[in-house]
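Dear colleague,

I am passing on a structure that you have not worked with before, and below it I have set out what was found. Please keep it open beside this message as you read.

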Amino acid sequence: MNPHAVQADPATTSMVGMALLRNGTTLDKGQFSNQLSKAVEFILKEVESSSPNSLNITNVIGTQIQSKLGQNIDLVLASQFLTNLLEKLPENHPMRKRIDKALNVCVVKIQDGQMADGSTKGAGWAGVLQSSLASNALEAAEYAGADVDVDKLENARKYQTDNFNAESGSVNTDKGAGIVLYSVSGSARAAAKDARKTKERVQEAKDQGLIEQAEEISAEMLRKIGFSEDEAVKSETSYKVYESAKQTAQRSDVMSGFGNNGGEEFLSFLQTGEGLVIGKDDSWRNWYDDVSGKMVKIQNQDGSWNGHHCITSPVFCTATCLLILSIENDLESLQTMGGS
């Protein structure tokens, strides 16, 4: 990826910024720190100059990414970028307060753009990905200390998990262009944190001899070890959605997505992988071996990637693929967030 090729839309700029951060560049060090600084300044100015009444941060409209993911995708990805940036900054960094303020602006806009069912307004061709990324953005912003409405976050997660029926294995693809991958990767990612917490509490109970080691997780068992009625039902659902959805998302027929690779496929792969890491699921290494092999096979001669349908932008796709391939660099931070 050529970091000099950052395009002047916030969605692409944010993806490039996150890829640089995951690969070791910071505002103060690294070969591309100057380019990262320019990307940060661009995003901050977009956020700071945006209207409080707007659900987005940019006046650029009609981009390929917006038409495919949703009208507010620039906002969602900018929020994730700012959160990732805060994690890498020392507490006394002179940019920290400005970035934190901009993140809170993004959080308010994301929450204002949430519909009653938990999805995000302005859905595009694969709007379920915009909604899933919005859920991820709120989760990460909460971890970073932003003022997140926990009910809005829960509603966003519920929308994603409700797209997958763990009993039947059926997937709601109404806002996913009819493509199972786009919906199911979001379901697995949204359920990962709750599923991990449930497994950890169950293991503690087993270690204490409160239940048999072989006992399967169920609402009845969770009630037995101290979960409230509502908590038991919700936790059982999250656990079952995660365990089933993560497998579906990694099936070869599902990973084929639209039939070839576009930016939507790359984002879906990334969500699946981050969900596995957040869930502290050792199977992420099998996922990585599989998906990295796919990435290498379709890499262009110049080292870039581009989509073969829909989101085709080489800059956007290369940044997303780098985030996939370098996920190990953020293992600790993703797992820490998943345990918070």
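Helix H4 (residues 73-88) and helix H5 (residues 96-112) pack with their axes 9 Å apart, at an angle of about 145 degrees, and their crossing is left-handed. Please bear in mind throughout that this is a predicted model. On the H4 side the contact includes Leu 75, Val 76, Ser 79 and Leu 82, while among the residues they meet in H5 are Arg 96, Ile 99, Asp 100 and Leu 103. Taken together, the residues of this contact divide into ten nonpolar, two polar and three charged.

The largest nonpolar core has 84 residues, and those that touch the most other members are Met 15, Ile 73, Leu 77, Leu 82, Phe 269, Met 295 and Ile 324. Helix H4 gives the most to this core, with nine residues. Apart from it lies another core, of eleven residues, with Val 202, Ile 217, Met 221 and Ile 225 among them. To return to Phe 269, its contacts, leaving aside residues up to four places away in sequence, are Leu 181, Met 255, Asn 261, Trp 287, Val 291, Met 295 and Ile 324.

Cys 310 counts as buried at 17% relative accessibility, and Cys 321 counts as buried at 0%.

With best wishes

Key. Residues numbered from 1 in each chain as written. Predicted model: local features only at pLDDT ≥ 70, side-chain atom pairs only at ≥ 80, totals over all residues. Heavy atoms only, no water. Core = buried A, V, L, I, M, F, W, Y, C linked by side-chain atoms within 4.5 Å. Buried < 20%, exposed > 50% of the residue type's maximum accessible area, 1.4 Å probe, protein only. Helix = DSSP H or I, 4+ residues; strand = E, 2+ residues; numbered from the N terminus. Contact = heavy atoms within 4.5 Å. Axes fitted to C-alpha atoms, helices over the stretch in contact; angles between N-to-C directions. Left-handed = near helix turned anticlockwise from the far one by under 90°. Nonpolar A, V, L, I, M, F, W, Y, C, P; charged D, E, K, R; others polar.
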